[in-house]
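Me: Hi! I'd like to chat through a model with you. Here it is.

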Amino acid sequence: MGELIVPILAFVIAVIFYAAAGSLTRIEGFPMNSATYPQALTVMLMICCVFLIVRFVIKHREYASAEKKLIFDPRIFLALGMLILFYYGLEYIGYIPSSILFIVALSWILKEGKPRILDTCILPIGLSGGLYFIFQFMGIYLPLGKLFRGLF
């Protein structure tokens, strides 16, 4: 049943994020704004969730037999909770620190075995910093957060 619950919860969260992104401040004269990126990501997440739900409905019998063998992993709910914390972290500490913390924590939680330095440190810093500067180059300003607003 977890194959159905998780996509439904992710779809609901994506709808909430899409609506919340619509309330971000818009800068006139730019073709894209700070709401464009999160709304595009949430639309992609919604499409993936619908695909998973349809796949579950089509292959319900296979999932039912496999469910008797597998135990649901509660780390998924922890990852969804961290996604909500990431959303609120954007407002207070900004995009770069909150995304680094989110990716590092997610890699620690979902990693099986010994974590590698590439997965837990280098990738989150490079991905977060790189995306920030790419979007800044395109004229899309990601949140700096209340904590760092006066520094930059």
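Me: Tyr87 first: what is its relative accessible area?
Reply: Tyr87 has a relative accessible area of 28%, so it is partly exposed. By the cut-offs used, buried means under 20% relative accessible area, exposed means over 50%, and partly exposed is in between (1.4 Å probe, protein chains only). Bear in mind that this is a predicted model, where local features need pLDDT of at least 70 and side-chain atom pairs count only at pLDDT 80 or more, while totals for chains, interfaces and linings use all residues. Residues are numbered from 1 along each chain as its sequence is written, and side-chain values use heavy atoms, with hydrogens and water left out.

Me: And Tyr88, how does that one count?
Reply: Tyr88 counts as partly exposed too, at 46% relative accessibility.

Me: How many aromatic pairs are there?
Reply: The structure holds four. Rings of Phe, Tyr and Trp (its six-membered ring) pair if their centres lie within 6.5 Å; planes under 30 degrees apart are stacked, over 60 edge-to-face, and the rest tilted.

Me: Why is the pair of Tyr87 and Tyr88 edge-to-face?
Reply: Because their ring planes stand at 75°, with the centres 5.1 Å apart. Ring pairs also bring in Phe17, giving a cluster of Phe17, Tyr87 and Tyr88.

Me: Let's zoom out. What pattern does the protein chain follow?
Reply: Along the sequence it reads α-α-α-α-α-α, with six helices and zero strands. Helices (H or I, at least four residues) and strands (E, at least two) are DSSP runs, numbered from the N terminus. Of the 152 residues in the protein chain, 28% are buried.

Me: Which residues make up the largest nonpolar core?
Reply: Nine residues: Met82, Phe86, Leu90, Tyr95, Phe102, Tyr132, Phe135, Ile140 and Leu142. Helix H4 (75-93), H5 and H6 each supply at least two residues of this core, and the largest share, three residues, comes from H4. A nonpolar core here is a set of buried Ala, Val, Leu, Ile, Met, Phe, Trp, Tyr and Cys residues joined through side-chain atoms within 4.5 Å.

Me: What does Phe102 touch?
Reply: Leaving out residues up to four places away in sequence, Phe102 touches Ala79, Met82, Leu83 and Phe86. Contact means heavy atoms within 4.5 Å.

Me: On to H6. Where does H6 bend?
Reply: H6 bends by about 35° at Leu123, and Pro124 follows within four residues. That bend is the angle between axes fitted to the seven residues ending there and the seven starting there. Just after H6, Gly139 takes a positive phi of about 90°.

Me: Which helices do the buried residues of H6 pack against?
Reply: Helix H2 (36-58) and helix H5 (95-110). The buried set in H6 is Asp119, Thr120, Pro124, Ser128, Gly129, Tyr132 and Phe135.

Me: What joins the side chains of Ser99 and Ser128?
Reply: A polar contact of 2.7 Å. Such a contact is a pair of N or O atoms within 3.5 Å; within protein, one must be able to donate a hydrogen and the other to accept it, and residues adjacent in sequence count only if both atoms are side-chain atoms. Ser99 lies in helix H5.

Me: Is Ser99 buried or exposed?
Reply: Buried, at 4% relative accessibility.
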